[in-house]
Amino acid sequence: MPDAFFPTLEHLATAVMLLDDQSHIVYLNPAAENLFALSSKNLIGYPVQHAFTHTGQLAAAMQQALDNNASYIEYDLTLGTYPHGKLHLRCTATPLLLDKRYLLLEFHPMDRPLKLAREEQMLDQTQANRLLLRNLAHEIKNPLGGIRGAAQLLEQELEKPGLREYTRVVIQEADRLRSLMEKLLIPQQAPCFSALNIHEVLERVRSLILAEIPSGLVIQRDYDVSLPPLFGDKEQLIQVMLNIVRNAAQAMQGQGTIILRTRIARQVTLIKKRHPMAVMVQVIDNGPGVPEHLRDKIFYPLVSGRPEGHGLGLTLAQDFVSQHQGGIEFDSEPGCTCFTVMLPLQ
Ligand SMILES: Nc1ncnc2c1ncn2[C@@H]1O[C@H](COP(=O)(O)OP(=O)(O)OP(=O)(O)O)[C@@H](O)[C@H]1O
Ligand SMILES: [Mg+2]
């Protein structure tokens, strides 16, 4: 047994466990005892499969390391202890050849369940807010028609032309409110899915934005052309990318560079679900960045940093992306803002 090895491991903050060639636990350090809330006396000598519960993923990670004779990392491992239930861990398994074959396991706790719970709660809250807004928009839209009609009738009756200024304001403002309410009431159509090439979507968006903004804007492409086709609603995805790219162009006031990047991403977890592969689309701009005070709420409806903005572009983008079981997030600092859309592949 490699005794010389252990004293160093005793001081590590990382939880470490050593298994022999029969997968029996021969050592675990104090950090591992802490993590599992189990004393080494209760574990040493036992096969790892008997010492824990939910060991399927651990067994698979160990097998991968042994088969390849190289370190294997499982980023999202669930392992159960008898008294304390499931733990979410990142685990590295490394084969070692000392006096005989061993397997070294390192464990890092993850706060994934907490983060997931927060994501789920946020999603529920956002959906509830959207419903409230839709209902409110519906309630506002109906009397608006009455207000507008009454102002029109009044206008016809007014003798002093100067007074018509006021009815004009009522009519114009009623129209403005009505168009905002209509945007909030966009029909919730079910997406129409088919196989599509994400680069066709991006090319369409690129040419639309370039036509909208006459000069000064450069849109570079950084595409991974080997991406497999994606199953999605083409019109919805065009709208998603259009809203994001248009925001970038508006933030830069039409002057600057936008990069459209596509990549494949592996083993991604998107709202409650793990996907082996996803398409990652990034829109990167070198504009001033998302204003600091808006950073945690730009996906909320009616939140806008632009005087003429409705604050609906990103809300809609997020709705459409979640109908594709995908996710959308951003990183922003002055000079570099990156919106990332993840769309799982079937
Ligand atoms: N690339 C970006 N750079 C800087 N700020 C951004 C960027 N993208 C979004 N924002 C900020 O997020 C806000 C919300 O965007 P969103 O698209 O939801 O609404 P909007 O653009 O204001 O209005 P709408 O899209 O409905 O016309 C924007 O007003 C802007 O302040
Ligand atoms: Mg917008």
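This is a predicted model: local features need pLDDT of at least 70, side-chain atom pairs count only at pLDDT 80 or more; totals for chains, interfaces and linings use all residues.
Residues are numbered from 1 along each chain as its sequence is written, and chains are lettered from A and ligands numbered from 1 in the order in which they are written.

**Exercise 1. State the domain bounds of the protein chain.**

Step 1. The assignment gives domain 1 (3-110), domain 2 (113-185) and domain 3 (190-346); such bounds come from an automatic or database domain assignment.

Step 2. Between domain 1 and domain 3, the C-alpha centres are 41 Å apart.

**Exercise 2. Determine the strand order of the open sheet and its edges.**

Step 1. The order of the 5 strands is β7-β9-β10-β12-β11, and the pairing is mixed. Strands (E, at least two residues) and helices (H or I, at least four) are DSSP runs, numbered from the N terminus; two strands pair if DSSP finds at least two bridges between them.

Step 2. β7 (217-222) and β11 (327-333) each have a single partner strand, so one side of each lacks a neighbour in the sheet.

Step 3. β7 pairs with β9 (256-270) in the parallel sense over 6 bridges, and D222 has R261 of β9 as its bridge partner.

Step 4. β12 (336-344) runs antiparallel to β10 (273-285), with 8 bridges. β11 and β12 are also antiparallel, joined by 7 bridges, and they form a hairpin with 2 residues between them, where G335 in the turn has a positive phi of about 95 degrees.

**Exercise 3. Describe the packing of α8 and α9.**

Step 1. The helices pack at an angle of about 145 degrees, their axes 9 Å apart. Axes are lines fitted to C-alpha atoms, for helices over the stretch in contact, and angles run from 0 to 180 degrees between N-to-C directions.

Step 2. The residues of this contact comprise 7 nonpolar, 6 polar and 1 charged. Here Ala, Val, Leu, Ile, Met, Phe, Trp, Tyr, Cys and Pro count as nonpolar, Asp, Glu, Lys and Arg as charged, and the others, Gly among them, as polar.

**Exercise 4. Identify what surrounds ligand 1.**

Step 1. Ligand 1 is surrounded by 23 residues, of which A251, S304, G305, G309 and G313 are the closest; a residue is near a molecule if its C-beta atom, placed from the backbone, lies within 6 Å of it.

Step 2. α8 (234-251) and α9 (313-323) are the elements that give two or more residues to this shell, and α8 gives the most, with 4 residues.

Step 3. By class, the shell has 9 nonpolar, 12 polar and 2 charged residues.
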